[in-house]
Amino acid sequence: MASVLGEICLDCNNPMLLARFWCEALNYEVLMEEAGLVSIGSKSQGDGGLSLTFAQVPETKSIKNRLHLDLRPHSTAQADEADRLLSLGASYADVGQHEDEGWIVMADPEGNEFCVLAAND
């Protein structure tokens with residue numbers, strides 16, 4: 001049997017700041033919190049759901065991510081979802097994309113890039 005993706009870990013300076021942002025962005029909840037480490041996910045998915053874990057490290061982000069998350073809005077337009085994420089603390093990011101791309105590149109409060117895809121209604 002193949003492995004199952006269970007957790008994505010992100011190094012960061014402020015785990016709770018990112019946990020709060022991503023909880024609001026994804027409708028997740030804090031699953032575990034200890035010194036320098038916070039995990040979030042959907043309690044309704046139980047142990048089989050994908051979680052995000054934020055681990056505190058001393059260095060700051062200095063280059064573009066080699067791995068990023070793609071968010072697909074559910075029941076809302078792409079631009080409306082981008083606006084909602086901006087209100088939560090995201091910002092627009094420039095990673096060299098063209099203006100006619102089908103996604104919007106954004107960054108979380110610590111500068112980790114992610115994309116907002118076109119809605120899949």
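Predicted model: local features only at pLDDT ≥ 70, side-chain atom pairs only at ≥ 80, totals over all residues.
1. E1 and strand E4 (residues 51–56) pair in the parallel sense, over six bridges. Here helices (H or I, at least four residues) and strands (E, at least two) are DSSP runs numbered from the N terminus, and two strands count as paired if DSSP finds at least two bridges between them. Residues are numbered from 1 along each chain as its sequence is written, and side-chain values use heavy atoms, with hydrogens and water left out.

2. Next, the sheet around that pair. Four strands make up an open sheet with mixed pairing, in the order E1-E4-E3-E2. At its edges are strand E1 (7–12) and strand E2 (29–34), each pairing on one side only. On average, and with direction ignored, neighbouring strands of this sheet are turned by 20 degrees against each other. H1 packs on the sheet and touches E1, E2, strand E3 (37–41) and E4; the direction of H1 makes about 160 degrees with that of E4. Contact means heavy atoms within 4.5 Å; axes are lines fitted to C-alpha atoms, for helices over the stretch in contact, and angles run from 0 to 180 degrees between N-to-C directions.

3. Now to the aromatic rings. The structure holds three aromatic pairs. Rings of Phe, Tyr and Trp (its six-membered ring) pair if their centres lie within 6.5 Å, and planes under 30 degrees apart count as stacked, over 60 as edge-to-face and the rest as tilted.

4. Which residues touch the most other members of the largest nonpolar core? Of its 22 residues, they are Trp 22, Ile 40, Phe 54, Leu 85 and Phe 114. A nonpolar core is a set of buried Ala, Val, Leu, Ile, Met, Phe, Trp, Tyr and Cys residues joined through side-chain atoms within 4.5 Å. The largest share of this core, seven residues, comes from H1.

5. Helix H2 is worth a look too. The buried residues of H2 are Glu 81, Ala 82 and Leu 85. They lie on the same side of H2, because they cover an arc of only 100 degrees around the axis; the arc is that of the directions from the helix axis to the C-beta atoms. Their cover includes H1, strand E5 (69–71), E6, E7 and E8. Just after H2, Gly 89 takes a positive phi of about 120 degrees.

6. Finally, Trp 103. This residue sits in the loop between strand E6 (91–92) and strand E7 (104–107). Trp 103 is partly exposed, with a relative accessible area of 39%. Leaving aside neighbours within four places in sequence, Trp 103 is in contact with Gln 78, Cys 115, Val 116 and Leu 117.

Conventions. Buried < 20%, exposed > 50% of the residue type's maximum accessible area, 1.4 Å probe, protein only.
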